[in-house]
Amino acid sequence: SVSSIVPESCLLIVVGLLVGGLIKGVGEKPPILKSDIFFLFLLPPIILDAGYFLPLRQFTENLGTILIFAVVGTLWNAFFLGGLMYAVCQLGGPGLNHIGLLANLLFGSIISAVDPVAVLAVFEEIHINELLHILVFGESLLNDAVTVVLYHLFEEFANFEQVTIIDIILGFLSFFVVSLGGVLVGVIYGVIAAFTSRFTSHIRVIEPLFVFLYSYMAYLSAELFHLSGIMALIASGVVMRPYVEANISHKSHTTIKYFLKMWSSVSETLIFIFLGVSTVAGHHYWNWTFVISTLLFCLIARVLGVLVLTWFINKFRIVKLTPKDQFIIAYGGLRGAIAFSLGYLLDYEHFGMRDMFLTAIITVIFFTVFVQGMTIRPLVDLLAVKKKQETKRSINEEIHTQFLDHLLTGIEDICGHYGHHHWKDKLNRFNKKYVKKCLIAGERSKEPQLIAFYHKMEMKQAIELVESGGIGKIPSAVSTVSIQNINPKTVPLERVLPALSKDKEEEIRKILRNNLQKTRQRLRSYNRHTLVADPYEEAWNQMLLRRQKARQLEQKMNNYLTVPVHKLDSPTMSRARIGSDPLAYEPKEDSENLPIITIDPASPQSPESVDLMSEQPQGGCSGLPPSPEEDEEGLVMRVKEEPSSPGTDDVFTPGPSDSPSNQRMLRCLSDPGPRPEPEEGEPFIPKGQ
């Protein structure tokens, strides 16, 4: 019940304090955590466990933010704290006047770095979300390079009589040498470990040994040349893991996993217990002004650094860091055993105030671990900060995540923007084409893992079936389906699905993740600014436009010429219909004596357009009565012929059907006139009624 309130790291320090007090009470001298033991034996297992099982996706996606916090934030903390402590020493009285600027800057560089051991111990218990965890933990891992550079730099400057500009420039350049040199050493040893695991198929027992051996050699080689050993361990673990796991057996993978967890847990326990014991056993020099100022300025520098850097980072991040996230990042800057060990390494000859530095460092460690470590969990619950998902992601989520990666890669290619996904895709292709063939054994680098796993499970099921005595003889190449056909079983009423073990489920998940659809192979990179114009494209577009216009015109003509017949038409509609279909109202050869009505089709709405040319029968037969055939014929209408108007279309040559009157009639068809009125009669009788 106590561990649910107090973090394990606090309880272990309390145990160390009790053990140290007991040893001192007996009259013996308690052991002190020596720096060599800490840096050579206790720290590497914790860093290797963190680097080997590093969540690579979250780490790479937030690498820019982590680097800004780790490099710029640590530099700000070191110089801000060192400068203010120098001012405090100058104003603090006779006991502090002798501490110079370089000594205060060295103290600031020791106390400013966030400790990965303390962060791991506290953050894994509160189950914070992945983003905040990787930001704080990534910062604690990568700020080692800054701490190592500043520590050795100010330690060397303390021995100089005068520090020149060239020394400062060389010290600045040494940061890149230390950080990039550590990464390079780690990558070299990681590749060697992956290459060695190709040839261990006949000696499975010693496979885990190579992982530990080469990782530890990377750490020692980096420390030998004063490079960053933590960066070397992280790089070696990240590089070797995918290739080593493809070569080693499943049992070796399980051994590596649990041995690393156990080893790091033991180291973490010993570190915090030794911190408590060393607190009791060490020599202390308490100065209230120095200790309280150190604690206060540590908190102020951390808060100011996080606020300013987050304001700058949020200008470039898609997922912004909220004020709650900023508070957790600032509050989670815990100090730990690395600061204590670096302080313990100081030499009495050049730093006579070493005991006072160690006392202030232990005070800051205890405050951050006890006060901040114990209160961060209630604060996370109070602020309702998003927690970590306890369950694993489903295969559906993994498929959609990879699909979005491919989609974003394609979008970046089309836009010509070489972003994060583009370079990730390039690296994956280079890895698959060249690196895997060199570092992964045999056909495993070429054969799809899904097929290999299917064969493996099929063979295992057949062997189990034979051993159980179900079948006497099975052909060598027989599938599971054929086995079921050979020995049919009665199907139970309720089908019970076999429960997969966790290891097998994890293996299936990994195979499906690795064998999902990869991004398509591009022939050549292009963007919209460098596309070559097609010479035939313009002519083709013009031809399509002309066809489309002709089709639209034909549709309009069909709509105009196929007007549905109304039961009762107005005079205007009747005139329009007569003008549109003159053949239906042509006079017959023997109907010359009928009166002729001429219609002006240009204005069918006006009643003046109807003109009775001759109401009397022509041809000198006025005295004769009309014949019954002529009575049945009714009135004959003819279109009044007019000269061509000057407004006709000059583009097309008028044909026999393109007379000016017909063109005027077509123009009038678009306006059929007002709606029919019921009081108007039918003045014209069409032919055939």
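Student: How many disulfides does a search of the whole structure find?
Tutor: The search finds 0 disulfides, a disulfide being a pair of cysteine sulfur atoms within 2.5 Å. Keep in mind that this is a predicted model, where local features need pLDDT of at least 70 and side-chain atom pairs count only at pLDDT 80 or more, while totals for chains, interfaces and linings use all residues. Residues are numbered from 1 along each chain as its sequence is written, and side-chain values use heavy atoms, with hydrogens and water left out.

Student: OK, and Cys-298, buried or exposed?
Tutor: Cys-298 is buried, at a relative accessible area of 5%. Buried means under 20% relative accessible area, exposed means over 50%, and partly exposed is in between (1.4 Å probe, protein chains only). Cys-438, with 44%, is partly exposed.

Student: What share of the chain's residues count as buried?
Tutor: 39% of the 689 residues.

Student: Switching topic: how many helices and strands does the chain have?
Tutor: There are 24 helices and 3 strands. Both are DSSP runs numbered from the N terminus: helices are H or I with at least four residues, strands are E with at least two.

Student: How do the axes of H14 and H15 cross?
Tutor: The axes of H14 (residues 337-344) and H15 (residues 354-383) cross at roughly 175° and come within 9 Å. That makes H14 roughly antiparallel to H15. Angles over 145 degrees count as roughly antiparallel, under 35 as roughly parallel, 65 to 115 as roughly perpendicular and the rest as oblique. The axes are lines fitted to C-alpha atoms, for helices over the stretch in contact, with angles from 0 to 180 degrees between N-to-C directions.

Student: Which residues in H14 meet H15?
Tutor: Ala-339, Phe-340, Gly-343 and Tyr-344 do, and on the H15 side they meet Arg-354, Leu-358, Ile-361, Ile-362 and Ile-365. Contact means heavy atoms within 4.5 Å.

Student: Which residues have the most contacts inside the largest nonpolar core?
Tutor: Phe-38, Leu-43 and Phe-290, in a core of 120 residues. Helix H7 (residues 130-157) supplies the largest share of this core, 16 residues. A nonpolar core is a set of buried Ala, Val, Leu, Ile, Met, Phe, Trp, Tyr and Cys residues joined through side-chain atoms within 4.5 Å.

Student: What is Phe-290 in contact with?
Tutor: Leaving aside neighbours within four places in sequence, Phe-290 is in contact with residues including Met-85, Cys-89, Phe-107 and Met-356.

Student: And Asn-77, buried or exposed?
Tutor: Asn-77 counts as buried, at 5% relative accessibility. Asn-77 lies in helix H4 (residues 63-91).
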